[in-house]
Amino acid sequence: MMETESALEQIQYLTFQLAGEEYAIGILQVKEIIPYVTLTMVPQTPASIRGVINLRGAVVPVIDIALKLGLSPNPVTARSCIVIVETTSAAGSLIMGIIADSVSQVIDLPPQEISATPPFGTQIQIDFLRGIGRSGQKFVLVLDIDKVLGSDDDAETRTNSSGVKVTDGKARLKQSNSNHEIASA
Amino acid sequence: MEIDFEAILKTYVAECDERLAAMEEALVALEADPHNDGFLEAIFRGAHTIKGNAGSLGFPRVAGFAHAFEDLLQRFRNNSIPVTPARITLLLRSLDALREMIAAEVAGAEKVSPEHVKLQQQLTDGDAAEPMENQAAAPVPTPRDAPLIKRGAVADAVVDYATTIRVDTEKLNRMLNLAGEIAIAQGRLRQAMTVRGQSNGEALEAHSQVERLSLELQEQIMRVRMVPVGPTFRQYLRMVRDLAQGQKKLVRLETQGDEVEVDMSIIEHLKDPLTHMIRNALDHGIETPEARQARGKNPCGVLKLQARHEGGSIVIEVSDDGNGLDRAKILARGLALGMVSEAAQWSDDELYGLIFSPGFSTAAVVTDLSGRGIGMDVVKSNIEALRGTVGVHSQPGEGTSIRIQLPLTLAIIDGFGVGVGDETYVLPLHAVIECIEMPVSEQQRGALGVIDLRGAPLPYVRLRDWFGLTSPRPRRENIVVVEVDRVKAGLAVDALYGARQTVIKPLGDKFKNVRGIAGSTILGNGLVALILDVPGLMRAVMQSPRDEAAPTLAHWRGEQAAAKLANSAQSL
């Protein structure tokens with residue numbers, strides 16, 4: 001009930017770049033934005049969990065949201081950020097970081113200006129979206145961050161059920177390693 | 001001025017809880033020693049305070065009930081009726097009723113349950129006509145010759161509340177967290193100060209002093225979190241009494257080391273295992289008075305709860321002087337389950353340790369084993385979750401003693417830092433036996449392998465490969481030898497950083513399925529390091545698919561054979 005309330009009141013959104021598209025999340029769920037820092041990897045976790053960071057003494061998981069959404073993640077650059085968000089689920093609220101290629105701006109998006117997600121055509125799963133809004137000339141995809149981060153598996157493991165946990169971790173490491181190579185190249 | 005009624009109610013409930021617990025204890029003591037006016041007075045005072053407070057807060061029903069309670073005590077006082085076990089039971093049940101009533105009143109309930117009304121009537125009548133359903137015709141013998149607890153213990157328990165305050169544990173956790181943060185910030189500051197090159201003697205000295213002080217502060221905060229185990233132990237007096245009465249057994253609960261202090265989070269997690277073990281000891285360990293007499297024992301059994309410090313840990317022992325464990329039956333069960341291969345090599349205590357194995361106690365066996373196995377694997381896993389160990393010792397016919405060893409606190413461990421590539425991992429220091437250099441011959445192996453440790457085979461796991469890290473292997477590696485359940489194993493790492501005090505940070509729900517990781521900590525450079533759960537890691541390695549480990553083992557066997565040949569050739 002509280003969630004719908006805040007959804008109604010919410011008109012400000014933070015927009016960020018992810019794999020070439022612009023996404024938005026409600027500003028009320030954003031705690032802060034920090035520069036990309038060195039992550040500590042946790043073995044045997046899904047590929048989308050990139051690791052943990054120290055946020056003023058609290059250990060916070062950092063999620064590669066591009067992988068969660070089934071997009072191919074971009075390499076880490078100087079503009080990469082970690083957006084610290086607070087998500088709510090049945091289990092309570094949780095603080096997590098998500099990796100964004102870059103953070104754009106805060107926009108006003110009253111509910112009437114968010115149109116329903118078209119049944120196809122978007123790159124990501126429909127139920128991860130609240131709708132589509134407009135920022136200037138461009139569309140922004142409004143994410144339902146609780147749903148995205150609340151789902152336990154990654155887009156890739158959903159399609160590929162043969163993955164064992166350990167191999168997941170290895171796949172992720174290869175991935176992040178190749179990212180690294182691209183970045184340094 | 002606005003009065004915070006909520007806060008007053010909270011304090012009232014907490015105070016009542018404490019008082020009711022003390023009264024309960026005194027009642028059990030009174031039963032054993034009916035003519036002790038000290039116990040009677042203590043109970044009377046408690047009831048009176050509860051009545052008074054209830055009256056001033058506007059809870060007439062509680063006040064009325066407490067008044068009836070007082071009335072019955074008054075009749076004990078002027079010897080108009082004697083103290084009987086049945087009346088004690090009535091009073092104990094009334095305490096439970098008071099607890100419920102207070103909770104209901106605070107929650108704003110309107111009605112009194114009919115059961116409570118009936119109890120109150122019985123209190124007024126002083127009529128203890130078998131309120132317990134299963135009370136048989138034969139009166140339960142009172143352990144008159146065996147006071148349930150020592151005299152004076154109750155008087156000691158009546159604490160002077162004036163000099164203590166109640167603090168929300170959350171605040172203490174926050175303080176401890178901050179103290180940990182300060183320590184980390186100081187580490188960074190020291191690094192910055194020494195790296196600069198120009199050593200400012202005065203600044204460094206001042207910094208050392210700050211470090212010392214903050215360490216002391218941290219210790220003080222830890223100490224605040226420490227609570228004596230006594231009150232927890234005494235909570236079982238009532239349980240032991242009720243269980244013993246229900247089974248027509250005579251049992252005396254003795255506690256030792258009540259003053260031993262332990263972190264409150266540990267106490268909280270200790271209650272379930274203790275309940276389990278005490279119940280087991282009463283159900284199956286201690287015999288009926290007749291059986292005991294037939295064996296030439298005192299008809300009244302003794303259940304002991306002991307606590308003491310041993311090194312950096314606390315030891316809690318639950319022992320009874322009952323039946324003891326049945327070696328033959330445990331052995332038979334162990335053989336049946338394939339846990340034991342040959343009877344001969346197993347010492348008694350090792351064999352008894354099997355009762356903690358999961359799956360060892362199935363319902364059918366429980367009766368065979370005189371039930372001694374019920375849920376003991378749960379006890380063990382609970383204790384292991386607290387980074388503790390469990391052991392059992394038993395003498396047939398003389399009793400069983402279960403020994404639990406626990407760390408003093410869950411918030412800080414003595415850790416041992418190791419490095420793999422850029423990552424740092426922390427091992428609990430107590431698991432580390434020694435560190436050796438990786439033999440050159442092993443450098444090309446995969447994730448698993450076996451080396452020769454002074455003639456004995458030592459299987460090892462290379463953390464880099466096991467965790468799937470992609471950093472290149474260094475030229476020199478080290479092996480940390482750890483021991484889990486008396487089995488030695490090695491962890492191959494790059495660098496050894498040494499021992500350090502480590503503040504544990506939980507990793508959170510996202511990582512609850514990760515095996516081999518116990519938590520995390522924050523390093524001096526601000527990065528997060530994972531704390532390894534060595535037993536969990538070892539289990540995960542052992543359960544990994546055999547085809548990964550097999551080639552290395554086969555290889556190792558071949559090598560061992562070759563080495564043996566070489567040895568015998570030498571000795572020839």
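A search of the whole structure, a predicted model, finds 31 salt bridges over all chains, a salt bridge being a side-chain nitrogen of Lys or Arg within 4 Å of a carboxyl oxygen of Asp or Glu. One of them joins the side chains of Glu22(A) and Lys138(A), with an N to O distance of 3.4 Å. Because Glu22(A) lies in strand S2 (residues 21–26) of chain A and Lys138(A) in strand S10 (residues 138–143) of chain A, this pair ties together parts that are 116 residues apart in sequence; helices (H or I, at least four residues) and strands (E, at least two) are DSSP runs numbered from the N terminus. In this predicted model, local features need pLDDT of at least 70 and side-chain atom pairs count only at pLDDT 80 or more, whereas totals for chains, interfaces and linings use all residues. Residues are numbered from 1 along each chain as its sequence is written, chains are lettered from A and ligands numbered from 1 in the order in which they are written, and side-chain values use heavy atoms, with hydrogens and water left out.

Between the two chains, the contact (heavy atoms within 4.5 Å) takes 23 residues from chain B and 27 residues from chain A. The area buried there is about 2,100 Å², of which carbon and sulfur atoms give 64%; buried area is the accessible area (1.4 Å probe) that two parts lose on being put together, summed over both. Lys510(B), Phe511(B) and Val528(B) supply 30% of the area that chain B buries against chain A, more than any other three residues. Across this interface of chain B and chain A, the rule finds zero salt bridges.

Within chain B, helix H1 (residues 5–32) and helix H4 (residues 85–106) pack at an angle of about 175 degrees, with their axes 10 Å apart, where axes are lines fitted to C-alpha atoms, for helices over the stretch in contact, and angles run from 0 to 180 degrees between N-to-C directions. H1(B) and H4(B) are therefore roughly antiparallel to each other, a term that applies to angles over 145 degrees. Among the residues that make the contact are Leu9(B), Tyr12(B) and Leu20(B) of H1(B), together with Ile88(B), Leu95(B) and Arg99(B) of H4(B). The residues of this contact divide into 17 nonpolar, no polar and five charged, with Ala, Val, Leu, Ile, Met, Phe, Trp, Tyr, Cys and Pro counted as nonpolar, Asp, Glu, Lys and Arg as charged, and the others, Gly among them, as polar.

Notes
Angles under 35 degrees count as roughly parallel, over 145 as roughly antiparallel, 65 to 115 as roughly perpendicular and the rest as oblique.
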